[in-house]
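These are notes for a colleague who is about to look through the coordinates. Please read the points below alongside the sequence and the structure.

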Amino acid sequence: MLKINNLHASVEDKAILKGINLHVKPGEVHAIMGPNGSGKSTLASVVAGKEEYEVDEGEILLNGENIDELGPEERAHKGVFLSFQYPVEIPGVSVTNFMKTAINETRKAKGLEDMPANEMLKMIREKSEMLEIDRKFLSRSLNEGFSGGEKKRNEIFQMAMLEPKLAILDETDSGLDIDALRIVANGVNKLKSKDNAVIVITHYQRLLDYIVPDYVHVLHDGKIVKSGSKDLAHELEAKGYDWIKEEVNA
Amino acid sequence: MSLKEKLVSSFMAFENMVDIDSPVHDIRTEAIKSFETEGFPTKRQEAWKYTSLNLVLKHDYSVFPKHENALEFKDVKKYFIHEIDCYKIIFIDGKYSSHLSQTTHDGIDVCLMSAALSKPKYRLVIENYFNKIASKDGLSSLNTAFSAEGAYIHIPKNKLVEKPIQIIHFSTGNEAALMLQPRNLVVVGENSHVQIIERHQSLTDNPVLTNSVTEIFTNKRAIVDYYKIQNDRESASLIDNTFVNQKQESLAKVHTFSFGGKLIRNNLNFYQNGERIDSTMKGITIIGNKQHVDHNTLVHHIEPNCESHQDYKGIFDDSSTGVFNGKVVVEKEAQKTNAFQANNNILISDKASINTKPQLEIFADDVKCSHGCTIGQLDESAMFYLRSRGIPEKEARALLMFAFSNNVLDSVKIPEIKNRITKIIANKLGVNIGFDL
């Protein structure tokens, strides 16, 4: 599904990713953990195609295709989805209209007709119920005045609507209370299948109790310095990151 | 011969066409003198610092069209808000078109200025209101001097006029270059409510210069909703001089949608003569190429406990230029005034520019006045967010621009106008968003 080879990326000439290698197969859940500033969000943004990041070396292959030259929308059309750490407020565009536009533009890119209105409404109803989202919420301006938890839930709602092949959840757990965390995690679990993959970026092991990873990677100073099973997450929770830094430096 | 000289010398020819014994003609004679002294404004005047009329004044305009021209409704239907039943006052090359119009005298007068200026039954209204608030500057004086035709709307008290009134000025291009001086008078009686839509539409690329004056009087508790749709060809220029005189507790709203034309100057003036008055000015400007749109507003707060709201949004592409000059005067007696002004702009191209200038003159000490102007580019993080959801760059840009100007449409009370404006915007931005905001 996703193959990242020796990826180096920088922003304004400052190197942030310094040789990432990652291989994600369909049906897998990967967790990427690491201290602040290690490059976790940059990795997510680079895969999603944020243009202010420069890829200096290496490649990102999605189902064998190098996506480096593709714009964010083209990557989305190929099934990449990024759940933002800080979703952007867009006053004047309702959640529903935004979703309609996103879905129909994606269909257009695939040469499909617009989704019939009744089908769209049905889908919106099902997915919002799954994430326990109030219907009234859907007519509000996108993310405007939403609480932190509402924003994150809205991200997963968008993911549910767009049914991506590769979902990257960038600190989706931050700002969520335990109930919201459970709802969001259940949503993600319901969307999981043998054909899609999820990358969970998080500081804490908490979310990984609900979305159980097949692999855990530790990112430090722009490199994956350690990979392991879900037990690695528990170890990090108990011992912090310092021992990894020491191991790397040794 | 300069355009000024040509206009002054054609005044005598004009006198042969109108009743020179009417009291209005004394006003016209005064006005032509005043135009002769003042002339056209130049960039040396503070209020015209960023707008030069030189390019639009250089054409050899016909001042009086030679022919009467006709148009078929089907050919110009798209310029009408035809989805709803409306009164219509339609002009072709400055001449009234009875064929396209639908006027009324049934309890209200929705008819022609030429009739109002000549028939005795309108004399009292004309005496009381005509040229009472129009300014004496060169352009308004020029219009007053040649005032003969336009819309005359008189709503007596306690009338809720349900059908909106459309005023459309078509120019057919039968003249190589045409100058028009439409003159409108709107008098709304106590407790009455009227909705007016005004549009100027050129049908060819021959240059047209319209110098229009509209006087609006809202009596006690009257409500006026005025919509100006400016979406003309790039050969047409418009100088719109609108003066609104409000009495107590009246509500006047003017929406100006400026999407097309070579040069547009909106001189929009509100005078509040009474307490608890509300004046609202809103605008969306979306232009490109070398187009120029200038909003010059004035609110004169004269008495206590009144409000004014100004909200203008501008999106400028290519080498287009915009001007916003919003003046708010609060007199010493006008305590408890609440005046709000906002002008937000997005420059899409490096060559586009906007000059925005709030001007507050406050002589009262217990008032709330706020103003703010912003000039920026589209938010890149919002662009990435939309694109990461599969919305292509062009559509994402359009969506953000829709969102940016959207709140100005909130106060548009006629859904068909809102739809029309939304469609014009989508068209301007070259996208099909797939839903109406």
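Predicted model: local features only at pLDDT ≥ 70, side-chain atom pairs only at ≥ 80, totals over all residues.

1. In chain A, six strands form an open sheet in the order S6-S9-S10-S3-S11-S12, and the pairing within it is mixed. S6 and strand S12 (223-228) of chain A are placed at the edges and have a single partner strand each, so one side of each lacks a neighbour in the sheet. On average, and with direction ignored, neighbouring strands of this sheet are turned by 20° against each other.

2. How far does H5(A) reach from its first C-alpha to its last? The helix has 15 residues and spans 21 Å, which is close to the 21 Å expected at 1.5 Å a residue. Just after H5(A), A:Glu163 takes a positive phi of about 45°.

3. Why can H5(A) be called largely enclosed by the rest of the structure? The reason is that 11 of its 15 residues are buried, a residue being counted as buried if 20 or more other C-beta atoms lie within 10 Å of its own. The buried residues of H5(A) include A:Lys151, A:Lys152, A:Arg153 and A:Glu155, along with A:Ile156, A:Phe157 and A:Met159. Among the elements that cover the buried residues of H5(A) are strand S6 (80-83), H3, helix H4 (117-130), strand S9 (166-170) and helix H6 (178-191) of chain A.

4. Two loop residues of chain A deserve a check of their backbone. A:Asp13 has a positive phi of about 65° although it is not a glycine, and A:Asp13 lies in the loop between strand S1 (2-11) and strand S2 (14-24) of chain A. A:Glu171, which is not a glycine either, has a positive phi of about 50°, and its place is in the loop between S9 and H6 of chain A. Is each of these residues buried or exposed? A:Asp13 counts as exposed because it has 7 C-beta neighbours inside 10 Å, whereas A:Glu171 is buried, with 21 other C-beta atoms within 10 Å.

5. Between the chains, 26 residues of chain A are in contact with 22 residues of chain B. On the side of chain A that touches chain B, the elements giving two or more residues are helix H2 (72-77), strand S7 (90-94), helix H3 (95-109) and helix H5 (148-162) of chain A. H3(A) gives the most to that side, with eight residues.

6. In chain B, 13 residues of domain 1 are in contact with 10 residues of domain 2. Strand S8 (193-202), strand S10 (223-231) and strand S12 (251-260) of chain B are the elements that give two or more residues to the side of domain 1 that touches domain 2. The largest share of that side, four residues, comes from S12(B), and its residues divide into seven nonpolar, three polar and three charged.

7. B:Gln201 lies in strand S8 of chain B and is buried, with 20 other C-beta atoms within 10 Å. Leaving aside neighbours within four places in sequence, B:Gln201 is in contact with B:Tyr79, B:Ile168, B:Phe170 and B:Asp232.

8. Strand S17 (residues 321-330) of chain B has eight of its 10 residues buried, so it is largely enclosed by the rest of the structure. S17(B) pairs in the parallel sense over 10 bridges with strand S15 (residues 292-301) of chain B, where B:Val299 has B:Val328 of S17(B) as its bridge partner. S17(B) also pairs in the parallel sense over 10 bridges with strand S19 (residues 353-362) of chain B, and B:Val330 stands opposite B:Ile362 in S19(B).

Conventions. Residues numbered from 1 in each chain as written. Chains lettered and ligands numbered in written order. Contact = placed C-beta atoms within 7 Å. Nonpolar A, V, L, I, M, F, W, Y, C, P; charged D, E, K, R; others polar. Buried ≥ 20, exposed ≤ 12 C-beta atoms within 10 Å, placed from the backbone. Pairing = 2+ DSSP bridges. Expected span 1.5 Å × (residues − 1). Axes fitted to C-alpha atoms, helices over the stretch in contact; angles between N-to-C directions.
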